[in-house]
Amino acid sequence: MTISHHPPEDLLADFAAGKLEEAHQLVVGVHVAGCPRCTRFVQAIEQLAGAALEDVAPVPIATDAFDRVMSRIHEAPKEAVAPALASDTDDDVPPALRKYRIGKRRRVAPGLSLRPIELSGQGQARAFLLRSAPGSRMLEHTHTGTELTLVLEGSFSHEGGHFGPGDFDYGDDEVEHRPIVGNEGPCLCLVAMTGDLRMNGFLGRLIGPFVRL
């Protein structure tokens with residue numbers, strides 16, 4: 001697998017610092033896990049942060065601070081909710097996502113379906129698996145928010161280039177594109193998205209209200 005498209009460096013830095021909301025952290029994290037180049041970048045950021053901490057002057061704490069922390073840990077509720085794991089036989093769910101509950105597939109448009117990923121409920125971004133039929137062509141569109149897309153299987157192309165497995169695509173309200181899915185097979189993507197699609201042209205404006213990702 002050759003990865004040609006990577007997240008912006010500021011996004012990787014926020015990922016390393018744990019500053020991204022959950023859906024974005026998920027998509028960037030799956031990319032980083034499979035991308036040696038981005039793994040090295042994140043590790044470098046983490047090492048810089050660790051070095052900076054060593055230069056911070058120590059701050060005195062209460063003598064009973066450790067005991068109070070341990071007491072709060074022991075007093076925490078013991079009941080843990082086991083995560084609902086997706087079925088191992090589900091071909092739509094890559095191993096990295098099997099600790100999440102994956103919703104049922106629903107049709108979005110001809111040749112296009114999605115499965116929502118249940119997150120903790122914090123943050124504005126939603127995450128989902130998007131499956132497109134071979135050769136599908138979307139109408140030209142932009143976004144009212146941000147869209148982070150990681151290709152898991154298959155490929156697509158648009159004005160920004162060709163995207164295959166492992167490639168990362170970033171879109172926002174400054175990007176206008178018209179993705180076309182490759183003919184080699186279905187394209188499965190992991191997506192984190194805020195806002196909605198905004199279709200261009202008469203036909204796009206006509207059917208836009210019916211396309212909900």
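Q: How many bridges join β6 to β7?
A: Three bridges join β6 (residues 156–158) to β7, and the two run antiparallel. In that pairing, His158 stands opposite Gly161 of β7.

Q: What kind of model is this, and which cut-offs apply?
A: This is a predicted model: local features need pLDDT of at least 70, side-chain atom pairs count only at pLDDT 80 or more, and totals for chains, interfaces and linings use all residues. Residues are numbered from 1 along each chain as its sequence is written, and side-chain values use heavy atoms, with hydrogens and water left out.

Q: OK. How many helices and strands are there in the chain?
A: The chain has five helices and 11 strands. Both are DSSP runs, numbered from the N terminus: helices are H or I with at least four residues, strands are E with at least two.

Q: How much of the chain is buried?
A: Of its 213 residues, 40% count as buried. Buried means under 20% relative accessible area, exposed means over 50%, and partly exposed is in between (1.4 Å probe, protein chains only).

Q: And what share of the contacts is between residues 24 or more positions apart?
A: Such pairs make up 65% of the contacts with a separation of 6 or more. A contact means heavy atoms within 4.5 Å.

Q: Now the six-strand sheet. What is its order?
A: The order is β1-β2-β3-β10-β5-β8, an open sheet with antiparallel pairing. β1 (106–109) and β8 (168–171) stand at the edges with a single partner strand each, so one side of each has no neighbour in the sheet. On average, neighbouring strands of this sheet are turned by 30° against each other, direction ignored. That angle uses axes fitted to C-alpha atoms (for helices, over the stretch in contact), on a scale from 0 to 180 degrees between N-to-C directions.

Q: What joins β3 to the strands beside it?
A: Six bridges join β2 (residues 112–117) to β3. Seven bridges join β3 to β10. Leu114 has Leu130 of β3 as its bridge partner. Toward β10, Leu129 partners Leu190, and Arg126 partners Met193.

Q: Is β3 mostly covered or uncovered?
A: Mostly covered. Five of the seven residues in β3 are buried.

Q: Over to β5. What does Thr149 touch?
A: Thr149 lies in β5 and counts as buried, at 7% relative accessibility. Leaving aside neighbours within four places in sequence, Thr149 is in contact with Phe156, Asp167, Phe168, Asp169, Cys189, Leu190 and Val191.

Q: Which residues touch the most other members of the largest nonpolar core?
A: Leu26, Val28, Leu97, Ile117 and Leu190, in a core of 28 residues. A nonpolar core is a set of buried Ala, Val, Leu, Ile, Met, Phe, Trp, Tyr and Cys residues joined through side-chain atoms within 4.5 Å.

Q: Which elements give two or more residues to this core?
A: α1, α2 (22–34), α3 (36–54), β3 (126–132), β5 (147–153) and β10 (187–193). The largest share, six residues, comes from α2. Apart from this core lies another, of 16 residues, including Val108, Val151, Cys187 and Val191.

Q: Back to α1. Which of its residues are buried?
A: Leu11, Leu12 and Phe15, in a helix that covers residues 9–16. Seen down the axis, they fall within an arc of 100°, so they line one face of the helix. The arc is taken over directions from the helix axis to the C-beta atoms. The face turned away from the buried side carries exposed Glu9 and Asp10. After α1 comes Gly18, with a positive phi near 70°.

Q: Last one. How many disulfides are there?
A: The count is zero, taking a disulfide as a pair of cysteine sulfur atoms within 2.5 Å.

Q: Where is the nearest cysteine sulfur to Cys38?
A: In Cys35, 3.7 Å away. Cys38 is buried, with a relative accessible area of 1%.

Conventions:
Pairing = 2+ DSSP bridges.
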